[in-house]
Amino acid sequence: ALFTLLRDLPRYFSGESFSFFNILPDLTATPAGTFSQGIDVAAPYLIALVLFAVLTLIPQLVMARNQTGAQANTMRTTSIVMVIMMLFIGWALPAGVLLYYARRCASVLRRIDAVAGCAAALCDATRD
């Protein structure tokens, strides 16, 4: 729904630009579309794309740290392949969608950290 809304937004509001605090000048633009205009125009979108990929990878690697042996290697490999695939898909996504998914992955990382903190506190409480 968000992809369709951002793709069709210029049709509903002609002559308007939708920016994210002037960091991303146009939320409806894609990294692929801005790359043809030059690296200086595409830089914020490429940074959003890389941020999207890194914030997708970190929770996966955090979850894989409890694994050992072949299972850990498989999870790491799968995570890296998934990030490459997300970069490929993200190349054609509007910047607003990249921003949404990057924020979503960051909130998942916060939840993982909170759960780990609660689990550590619970383990400490049961030892006493």
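Author: Begin with contacts, meaning heavy atoms within 4.5 Å. In the protein chain, residues 24 or more positions apart account for 60% of the contacts with a separation of 6 or more. This is a predicted model, in which local features need pLDDT of at least 70 and side-chain atom pairs count only at pLDDT 80 or more, while totals for chains, interfaces and linings use all residues. Residues are numbered from 1 along each chain as its sequence is written, and side-chain values use heavy atoms, with hydrogens and water left out.

Reader: How many helices and strands are there in the protein chain?

Author: Helices (H or I, at least four residues) and strands (E, at least two) are DSSP runs, numbered from the N terminus. The protein chain has five helices and zero strands, and its pattern along the sequence is α-α-α-α-α.

Reader: What share of the 128 residues counts as buried?

Author: Buried means under 20% relative accessible area, exposed over 50%, and partly exposed in between (1.4 Å probe, protein chains only). Of the 128 residues in the protein chain, 28% are buried by that rule. N22 is exposed, with a relative accessible area of 66%. N22 lies in the loop between α1 and α2 (31-35).

Reader: Which residues of the largest nonpolar core touch the most other members?

Author: In soluble globular proteins, nonpolar side chains tend to be buried together. A nonpolar core is a set of buried Ala, Val, Leu, Ile, Met, Phe, Trp, Tyr and Cys residues joined through side-chain atoms within 4.5 Å. The largest one here has 13 residues, and L6, L24, Y45 and L98 touch the most other members. Two or more residues come from each of α1 (2-12), α3 (39-64) and α5 (95-127). The largest contribution, four residues, is from α3.

Reader: What is Y45 in contact with, leaving aside its neighbours within four places in sequence?

Author: Y45 is in contact with L24, P25, D26, A29, P31, T34, A95 and L98.

Reader: Where does α3 bend?

Author: The bend at a residue is the angle between axes fitted to the seven residues ending there and the seven starting there. At Y45, α3 bends by about 30 degrees. The expected span of a helix is 1.5 Å times one less than its number of residues. With 26 residues, α3 reaches 35 Å from its first C-alpha to its last, close to the 38 Å expected.

Reader: Which residues in α3 are buried?

Author: An α-helix has 3.6 residues a turn, so residues three or four places apart point the same way. The buried residues of α3 include A42, Y45, A48, L49, F52 and A53.

Reader: How many aromatic pairs does a search of the whole structure find?

Author: A pair of aromatic rings is described by the distance of the centres and the angle of the planes. Rings of Phe, Tyr and Trp (its six-membered ring) pair if their centres lie within 6.5 Å; planes under 30 degrees apart count as stacked, over 60 as edge-to-face and the rest as tilted. The search finds three pairs. The rings of F35 and W91 have centres 5.7 Å apart and planes at 65 degrees, so this pair is edge-to-face. Because F35 lies in helix α2 and W91 in the loop between α4 (69-90) and α5, the pair ties together parts that are 56 residues apart in sequence. F35 is partly exposed at 42% relative accessibility, and W91 is partly exposed at 33%.

Reader: Which residues form one aromatic cluster?

Author: F52, Y100 and Y101 form one.
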